[in-house]
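Okay, thanks for coming, everyone. Let's get the picture up on the screen and walk through it together.

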Amino acid sequence: MNIRQRVSVTQVGAGGDSGPAGLETEDLVRRCQKGDRLALEALIVRHQTYVFRLCCLVMRNEQDAEDMTQETFVRACRALPRYQQREGSSFEAWLYRIAVNCCRSRMRRKWYQVLPWPEPAPQIVAEPEDQPERKAVQSEWRTEMLDAIDSLGEKHRLVVILRYYAGMSNEEIAETIGVPSGTVRSRLHTARERLRQVLEEHEVRAAQRPGRKHA
Amino acid sequence: MNCSLVDTLIDDYTDGELSPREQGRLEAHLASCPRCMDELRRRTVLDHAVRQAIGAAVQHRYLAPAAGDRFHRAARDQLRRGIWLQRARSIGQLVGGLAMALLVLAGLVVMLDRLSLPAGLNPVTLLPAKHLIPSGRQMVEVSPEGPWDPEGLQPPVPGAGTRPGLTLSAGGSFVEPEPIVPGEAFTLTLLIHNNLPKTLKSAEFDLEISGPAGYFQFPLSVAGPLPASGISLVRISAASLAETCQAKYMLPPSAIFRLPGTYKVRITLFGPGAEPRQ
């Protein structure tokens with residue numbers, strides 16, 4: 001899985017010095033288990049944005065996602081002294097599993113309406129003259145894909161998020177959501193078949209649209 | 001590998017879930033099959049598109065500036081509590097383990113104390129319990145003088161059966177239980193044959209037992225009548241030896257066979273026709 005690569009991206013703003021923030025995650029975890037407060041702070045800073053975004057993807061509500069991020073770290077720190085890294089599994093996978101379980105338990109307790117995907121904030125692009133057209137195409141394409149993911153249903157949506165955003169393996173997804181890995185494989189296959197249809201329809205429309213090319 | 005198999009494996013291939021062997025076989029097929037290679041390209045494009053769409057949906061989401069501090073404060077308290085609980089759990093496990101070990105030790109001591117260890121064994125060796133109590137014929141065997149008769153038949157006492165008077169019948173003495181358990185009650189049975197044509201009122205005999213526990217000699221008498229030309233059954237219980245045993249050897253009769261091993265029993269009859277008691 002590529003979780004470690006993703007984490008190294010979020011760590012750019014905090015790492016690079018000789019303090020705890022520059023340590024590997026495993027070293028930070030070991031220090032935290034001994035009660036090192038600085039290591040705990042570095043560990044939270046390193047993962048908070050990613051956990052928050054994962055909660056956002058699952059819950060679609062920023063306020064709830066922030067609450068669930070805090071709950072994730074609270075539960076994780078309560079269990080951290082007993083945490084032992086298993087072979088083939090990472091701290092991040094363990095943390096994301098807690099995050100997903102927090103979100104799911106909240107969603108079970110409360111009637112939850114899955115809100116539509118929010119519009120992304122304007123971004124600076126390299127070619128200002130292409131910006132309006134590129135933006136329109138990308139926005140349309142992105143909305144179609146996200147709508148298709150929504151249309152998959154809660155079970156399939158969660159598997160897709162854990163695979164494509166959290167980068168979990170089938171086994172890790174299975175352990176997180178409590179189903180056999182064969183079920184995860186089956187749900188992913190179903191989801192991909194549906195998303196492939198959306199992609200192919202989009203490509204056909206993009207090809208028919210004069211003067212526009214697919215991003 | 002055929003194309004239909006590739007269709008089933010391609011998900012696992014792009015997910016990195018295939019074994020190196022399966023991966024090698026799949027890649028060999030992909031290199032020679034344009035259809036499957038096109039399928040792989042489409043799958044890769046799809047994966048990239050989904051990842052990009054999901055990433056873009058939350059790319060602009062950031063936590064509130066104060067959220068990090070709040071997380072840290074809440075997590076710090078829980079971590080401290082978790083460490084304390086973990087230490088308490090470790091101490092509890094240690095104490096529980098020690099208590100269990102003490103209980104086992106106490107149980108062993110009580111068990112060993114209840115066992116009557118044979119004096120010949122060294123209790124320090126802490127042999128398994130089955131070795132502490134000998135079983136079967138290795139316990140106490142009572143044999144007549146001379147070779148042991150497996151049928152339990154005892155030859156007549158030398159000198160007694162060759163002349164008229166009192167003799168022990170063939171197979172005329174046996175011990176119950178057989179073998180005797182050290183320290184437990186026993187009974188010695190005699191079949192005395194009166195060869196004389198007259199009934200006897202009484203008879204006297206000596207009982208001698210020698211073995212690992214020592215030598216014991218008991219002068220005994222039988223209150224008749226012993227029918228003429230008949231056989232009389234005489235039972236000697238441990239209780240009947242108690243008084244003599246206590247007076248003569250300062251031991252209870254259970255101490256006669258207190259040690260495992262082979263014992264010899266000799267009966268010497270005194271009466272008309274037999275040797276007089278010395």
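This is a predicted model: local features need pLDDT of at least 70, side-chain atom pairs count only at pLDDT 80 or more; totals for chains, interfaces and linings use all residues.

In H9(A), the buried residues are A:Val184, A:Arg187, A:Leu188, A:Ala191, A:Arg192, A:Leu195, A:Val198 and A:Leu199. Here's some background for that list. An α-helix has 3.6 residues a turn, so residues three or four places apart point the same way.

Now, the place where the two chains meet. Chain A puts 44 residues into the contact, and chain B puts in 34. On the chain A side, the elements giving two or more residues are H3, H4, H6, H7 and H9 of chain A. H3(A) gives the most to that side, with 11 residues. If you sort the chain A side by class, you get 25 nonpolar, 8 polar and 11 charged residues.

Okay, on to the inside. The largest nonpolar core has 63 residues, and among those with the most contacts inside it are A:Leu54, A:Cys55 and A:Met145. H3(A) gives the most here too, with 14 residues. Take A:Cys55: leaving out residues up to four places away in sequence, A:Cys55 touches A:Ala65, A:Met68, A:Thr69, A:Ala99 and A:Cys103. And apart from that core lies another one, of 21 residues, including B:Leu168 and B:Tyr263.

Methods
Residues are numbered from 1 along each chain as its sequence is written. Chains are lettered from A and ligands numbered from 1 in the order in which they are written. Two residues are in contact if their C-beta atoms, placed from the backbone, lie within 7 Å. Helices (H or I, at least four residues) and strands (E, at least two) are DSSP runs, numbered from the N terminus. Ala, Val, Leu, Ile, Met, Phe, Trp, Tyr, Cys and Pro count as nonpolar, Asp, Glu, Lys and Arg as charged, and the others, Gly among them, as polar. A residue is buried if 20 or more other C-beta atoms lie within 10 Å of its own, exposed if 12 or fewer, and partly exposed in between; C-beta atoms are placed from the backbone. A nonpolar core is a set of buried Ala, Val, Leu, Ile, Met, Phe, Trp, Tyr and Cys residues joined through C-beta atoms within 7 Å.
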